[in-house]
Amino acid sequence: MNSNAQDTASTEGQNDYSLLQAERGSSLWRDAWLRMGKNKVAIVSLVVFIITCLLCFGFAWFCKDPIQQNLTNKFAAPSSEHWLGTDAMGRDLFSRILYGGQVSILVGLVATFVAVTIGVTYGAISGFYGARIDAIMMRIVDTLLSIPFLMVVIVLQAVLSEWSSTTSKWIVENWGWNKEFTNRATNVLPLFFALGLFGWLTLARIVRAQVLSLKEREFVEAATSLGLSRLRVLFRHIIPNTLGPTVVYATLTVPGFIMYEATLSYLGLGVESPNSSWGILIKEGANYLETNPQLLILPGILFSLTLFALNFLGDGLRDALDVRASKD
Amino acid sequence: MLRFIASRLLQGLFVLFALYTITFFLAKAMPGEPFTTEKNLSEESKAYQRALYGLDKPILHQYLIYPKNIITEGSLAVSTSKGRPVKDIISQSFKVSVVLGLSALGIAICIGVPIGVISAVRRNSWVDWGTMAVAMIGICVPAFTIGPLLQIFIAANLPGIKVAGWGNPQDILLPAITLGLSTAAYLARLTRGGMLEVLSQDFIRTAHAKGIPASKVITRHALRGGILPSVAFIGPAFAALISGSFIVETIFQVPGMGQHFVNAVISRDEFLLLGVALFFGFLIVIMNLAADILTGILDPRVRITDNSPK
Amino acid sequence: MPLLEVNELKTHFHTRNGIVRAVDGVSFSLEKGQTVGIVGESGSGKSVTCYSLLGLIPMPPGKIEGGSALFDSIDLLNCGEKKLREVRGKRISMIFQDPMTSLNPYLRIATQITEPLRLHMGMDKNRALKEAIKALGEVGIPEPDKRIQMYPHEFSGGMRQRVMIAMALITKPEILIADEPTTALDVTVQKQILDLIKERQQELGTAVIFITHDLAVISEVCDEINVMYAGNIVERAKADELFQKPLHAYTRALLKSIPAMHAKGEELYTIPGLPPDVSKLIRGCAFRPRNELGDPEQCLPNKPTLKDTGNGHWVQDCPGCLA
């Protein structure tokens with residue numbers, strides 16, 4: 001002990017303080033929220049995203065039927081009847097954009113939910129049990145990560161879409177649901193799973209790294225010494241503490257999945273016309289780009305705006321929660 | 001170094017095998033049959049076709065015979081939808097795909113990395129804000145929006161640049177830009193992050209303390225470490241470019257391999273699907289290996305401990 | 001005329017949480033070949049003082065608000081980046097606390113150590129390499145001609161600090177600033193590095209500014225010691241004088257908390273409380289809240305100034321702290 005004593009004393013004091021902060025979860029999140037409030041870009045993004053969601057999931061129900069064709073009224077200019085005009089089939093563009101947004105945003109959110117569920121569980125188990133289990137589980141993840149994501153999703157989507165149309169038929173026959181509605185609903189189901197089933201890999205690695213470091217912390221030892229079972233320690237004490245990075249990563253995954261949905265639909269492998277999604281609308285719009293550019297540009301703008309908002313929101317959350325970009 | 005490359009190649013082989021397994025069983029699970037797309041075939045001729053392609057054998061047999069044929073005969077079987085050997089189809093189109101992919105990657109690197117470096121050095125200035133906002137546009141506006149817009153605004157106004165098609169050298173330009181932009185944006189963000197991380201380290205302070213001019217501190221001391229995240233991203237970036245090429249080939253009517261993959265899924269052509277998937281997988285394995293080697297050259301610490309990150 | 005004369009140096013950081021007055025009016029001077037120590041707790045501004053001299057403060061948020069630092073009739077604080085660069089790394093060099101992170105992990109030792117020679121002395125590659133190998137040998141690195149082609153991660157912490165010292169001294173600078181050069185090292189290695197710095201200093205006639213929080217270290221190497229607290233120098237004296245006759249309450253508290261100065265079994269003294277938050281404006285004597293050995297009641301309500309008590313012993317003139 002060469003260094004002077006109060007120096008050590010003071011650093012220890014700070015450590016105690018920061019530990020206290022970390023474990024009193026609420027104050028951590030409150031701090032993050034305060035930091036977030038200062039980030040204007042993130043706040044604007046949050047507002048933009050909420051408005052988009054309200055439009056697509058709330059206001060859309062008061063709009064025209066997005067599938068109703070009217071071939072005598074093609075490419076109509078904006079009017080009080082059709083706020084943004086009509087498309088090549090005389091369908092109301094505004095309503096199609098909002099309904100399309102429902103599909104795109106839902107795919108993004110639900111697929112992320114699927115991915116987060118798998119990724120957190122997998123990563124937590126791998127990190128918590130460690131040793132050989134960890135080595136094998138992570139080697140699997142590494143291997144899957146080297147496989148081109150979209151290729152597998154395309155094939156998986158093809159497999160699942162058959163299953164979805166069978167389901168749709170079965171529901172209409174046995175439960176007597178409205179056929180159009182059922183079709184619309186089941187059409188997007190495969191996308192949820194196709195994307196979610198392969199989108200969890202990076203998250204699993206992030207969570208695992210978190211768990212590995214959390215495992216060594218005192219409060220986990222304390223919980224173990226109180227005689228809590230290993231699984232209980234994992235689910236009650238460790239996983240909640242991985243929430244920060246998970247939230248950040250999930251927020252950044254949603255726009256990625258929305259982009260994948262659009263890509264698949266564009267290739268004719270996702271949502272199928274006459275159902276609407278932003279990918280479908282952009283694809284249809286591209287055909288009339290020279291004569292009616294608004295058919296591409298209007299859905300394109302809302303699409304890109306939503307992606308902007310989600311990406312900036314994710315960046316803002318990362319800064320606010322002080323999550324460092326994953327090192328590997 | 002040789003041992004390092006050998007172990008990575010072995011790992012790549014493992015990846016290819018996993019890719020094969022997943023694609024094979026997914027292809028088998030795909031609904032519909034390969035020959036239903038043609039006009040009403042009788043049941044007998046369908047059965048005949050199935051036998052011809054070996055599709056009547058037990059699944060396990062089919063699963064094992066395909067890789068065996070690749071190894072022993074170098075054969076990738078015959079496309080059920082085109083009636084031609086998959087190898088021929090690939091050999092006709094892979095050059096196009098590789099040229100397009102590499103030029104897109106080149107464009108992405110040439111745009112993305114310098115932008116990332118500049119915005120890191122000018123952190124929190126309007127240059128930083130501006131370039132990062134543009135990079136965000138590159139990430140958020142999909143290729144299938146940028147592509148048509150480029151067709152309208154550039155191809156229509158510049159003589160010598162065609163809206164679509166493939167044949168002259170300048171035809172590469174628009175598809176490659178469309179394909180490379182989002183990768184450029186990712187690279188810019190990664191490079192910026194990497195540079196910021198390095199610039200905050202102690203050894204940069206040491207370099208300044210030695211009296212080295214600021215510009216040289218960046219090029220000699222910071223750049224190497226700063227571009228490491230981008231180098232590690234080359235593999236995934238190339239995979240993303242392949243995904244993107246499916247779309248770009250459609251927009252600009254480029255006769256590459258991407259269209260074959262999409263068509264193979266639509267027409268349930270499992271041999272073409274497997275062949276193209278494995279070839280793409282092979283390209284990605286090669287790019288990953290290149291990235292690993294480059295990382296080893298840039299970062300001496302990796303050379304000794306040639307393990308994957310913890 | 002002293003080699004370096006620092007006058008009323010003020011370095012502030014303009015952060016989101018207010019102005020951090022890291023260094024708030026520091027003056028000291030350094031004679032040729034002399035070793036001056038700056039001692040203080042973390043956050044007392046001792047490192048910022050030296051970084052300011054070499055223009056290594058990140059700006060923004062840092063800003064040098066005033067003062068001068070005359071070195072060979074060059075004012076380091078106001079001479080401009082280009083002029084400063086000719087001094088930095090050539091006539092004034094620096095070594096840092098953590099040798100693990102202070103060397104560039106991506107470049108060979110050879111590249112890094114020859115850099116100052118090629119930059120400041122205009123040497124060609126081969127001559128610079130020969131010089132560098134010689135310098136490595138002089139700091140006690142075995143097989144320097146082989147080791148020079150290695151990378152930093154192939155060296156131990158102590159060896160890396162030796163490389164840092166060789167690199168800093170390779171241009172034979174007039175001043176070496178050593179920022180806690182032994183803090184990150186094992187106790188056994190600490191002594192070796194201190195001896196090495198002393199030995200090289202005597203050979204080259206270099207003056208040294210030695211920054212540390214460790215009084216035991218500073219007593220071994222320094223001729224004169226400055227004690228810093230909250231961005232100000234509170235006491236300055238010759239090393240022996242300071243240890244035998246500390247005047248300021250803070251210095252007395254520091255000395256009292258060194259384990260070696262106590263009889264075995266006696267309880268170790270600790271200074272109560274934490275160093276003040278320099279992002280808040282401190283009115284009056286900064287040490288008052290922690291002043292236990294003096295009389296806090298008598299501490300000045302406005303900032304105390306340094307006064308000479310004779311024999312080169314300066315102390316902040318605060319009756320509370322001198323009591």
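**Entry 1: terms and core.** I take a nonpolar core to be a set of buried Ala, Val, Leu, Ile, Met, Phe, Trp, Tyr and Cys residues joined through C-beta atoms within 7 Å. A residue is buried if 20 or more other C-beta atoms lie within 10 Å of its own, exposed if 12 or fewer, and partly exposed in between, with C-beta atoms placed from the backbone. This is a predicted model, in which local features need pLDDT of at least 70 and side-chain atom pairs count only at pLDDT 80 or more, while totals for chains, interfaces and linings use all residues. Residues are numbered from 1 along each chain as its sequence is written, and chains are lettered from A and ligands numbered from 1 in the order in which they are written.

I found 263 residues in the largest nonpolar core. Leu195(A), Phe238(B), Phe261(B), Val276(B), Ala132(C), Ala166(C) and Ile209(C) have the most contacts inside it. Helix α4 of chain A, residues 93–129, gives this core its largest share, 16 residues. For elements I use DSSP runs numbered from the N terminus: helices are H or I with at least four residues, strands are E with at least two.

I then picked out Val276(B). Two residues are in contact if their C-beta atoms, placed from the backbone, lie within 7 Å. Beyond its neighbours within four places in sequence, Val276(B) touches Ile90(B), Met257(B), His260(B), Phe261(B) and Ala264(B).

**Entry 2: a helix pair in chain A.** How do α4(A) and α12(A) pack? I read an angle of about 135° and axes 7 Å apart for α4(A) and helix α12(A), residues 278–287. The axes are lines fitted to C-alpha atoms, for helices over the stretch in contact, and angles run from 0 to 180 degrees between N-to-C directions. Angles under 35 degrees count as roughly parallel, over 145 as roughly antiparallel, 65 to 115 as roughly perpendicular and the rest as oblique; α4(A) and α12(A) are therefore oblique to each other. From α4(A), Arg96(A), Ile97(A), Gly100(A), Gly101(A) and Ser104(A) meet Trp278(A), Ile280(A) and Leu281(A) of α12(A).

**Entry 3: interfaces.** I looked at A against B next: 33 residues of chain A and 36 residues of chain B take part in the contact. On the chain A side, α6(A) supplies the largest share, nine residues. I sorted that side into 22 nonpolar, six polar and five charged residues. Here Ala, Val, Leu, Ile, Met, Phe, Trp, Tyr, Cys and Pro count as nonpolar, Asp, Glu, Lys and Arg as charged, and the others, Gly among them, as polar.

For B against C, I noted 19 residues of chain B in contact with 22 residues of chain C. The largest share of the chain B side, seven residues, comes from α8(B). That side has seven nonpolar, six polar and six charged residues.

**Entry 4: two positive phi values.** Most residues other than glycine have a negative phi. I flagged Arg268(B), with phi near 55°, in the loop between α12 and α13 of chain B. Glu180(C) has phi near 45° and sits in the loop between β7 and α8 of chain C. Is Glu180(C) buried or exposed? Glu180(C) counts as buried, with 20 C-beta neighbours inside 10 Å.

**Entry 5: chain C overall.** I listed twelve helices and twelve strands in chain C. Buried residues make up 50% of its 323 residues.
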